[in-house]
Amino acid sequence: MALRPVPHPAVITNAEQLPASIQGHPAGSLEEARVAVALGRLKYEYLYQYSYMGGNTVAGGQVVDFMVLTVPKLTPIYVQGEFWHNARTNAADVLKQQEIANDGRFAQPVLLWGADLTTIEDAQAILQRELI
């Protein structure tokens with residue numbers, strides 16, 4: 001399957017100028033919308049809601065929030081919001097991240113925590129540091 005990035009979202013929904021959708025998918029959270037805008041500002045191409053090993057439809061599969069088309073390896077980004085990712089889900093989250101980290105096709109996953117993504121500028125600063 002060839003990877004084909006979709007252009008950055010242009011639909012603006014609020015004062016912070018966050019997209020309502022990202023590459024045809026509803027934005028999963030404000031934090032994910034901020035990351036999408038920040039990636040666009042930094043001129044990174046990415047795939048949103050990247051299906052790995054069958055995604056959520058196959059046992060053992062997963063959906064990665066963002067797969068950034070970096071060279072020489074793609075970089076998975078997990079946006080860890082406090083609602084969906086907490087002490088109860090931590091073990092499963094860590095296993096998923098380790099699985100993709102051990103797959104030689106990908107760079108080390110980047111974990112972004114919702115509490116650190118309160119503005120687009122926060123997301124942009126973190127991404128600039130993590131993806132370079």
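I began with Q97: setting aside neighbours within four places in sequence, Q97 is in contact with Y78, Q80, P109 and L111, where contact means heavy atoms within 4.5 Å. Q97 is found in helix 2; helices here are DSSP runs of H or I with at least four residues, strands are E runs of at least two, and both are numbered from the N terminus. Q97 is buried, at 11% relative accessible area. My cut-offs, with a 1.4 Å probe and protein chains only, are under 20% for buried, over 50% for exposed, and partly exposed in between.

D93 has its place in helix 2 (residues 90–101) too. I looked up its accessibility and got 11%, so D93 is buried. I also took the C-alpha separation of D93 and Y78: 9.4 Å, for residues 15 apart along the chain.

**Ground rules**

This is a predicted model, and I needed pLDDT of at least 70 for local features and 80 or more for side-chain atom pairs, while totals for chains, interfaces and linings use all residues. Residues are numbered from 1 along each chain as its sequence is written, and side-chain values use heavy atoms, leaving out hydrogens and water.

**Overall layout**

I counted three helices and six strands in the chain. Read along the sequence, the pattern is β-β-α-β-β-β-α-β-α. Of the 132 residues, 40% count as buried. Among contacts between residues at least 6 apart in sequence, 51% join residues at least 24 apart.

**Helix 1 against helix 3**

How do helix 1 and helix 3 pack, and at what angle? Helix 1 (residues 30–41) and helix 3 (residues 120–130) pack at about 60°, with axes 8 Å apart. Axes are lines fitted to C-alpha atoms, for helices over the stretch in contact, and angles run from 0 to 180 degrees between N-to-C directions. The two helices are therefore oblique to each other; under 35 degrees would be roughly parallel, over 145 roughly antiparallel, 65 to 115 roughly perpendicular, and the rest is oblique.

On the helix 1 side I listed R34, V35, V37, A38, L39 and R41, which meet I120, E121, A123, Q124 and L127 in helix 3. The residues of this contact divide into seven nonpolar, one polar and three charged.

**Cores**

Which residues have the most contacts inside the largest nonpolar core? They are V35, L39, Y46, F66, I77, L112 and L127, in a core of 19 residues. A nonpolar core is a set of buried Ala, Val, Leu, Ile, Met, Phe, Trp, Tyr and Cys residues joined through side-chain atoms within 4.5 Å. Helix 1 gives the most to this core, with four residues.

I then checked L127: leaving aside neighbours within four places, L127 is in contact with V35, A38, L39, L42, I77 and L112. A second, separate core of nine residues includes Y52, V64, Y78 and F106.

I found a cis peptide bond joining V71 and P72, with omega about 15°. P72 lies in the loop between strand 4 and strand 5.

Q23 is not a glycine, yet its phi is positive, near 50°. Q23 is buried, at 14% relative accessible area. M53, also not a glycine, has a positive phi of about 55°. M53 sits in the loop between strand 3 and strand 4 and, at 48% relative accessibility, counts as partly exposed.

Definitions and conventions
Nonpolar A, V, L, I, M, F, W, Y, C, P; charged D, E, K, R; others polar.
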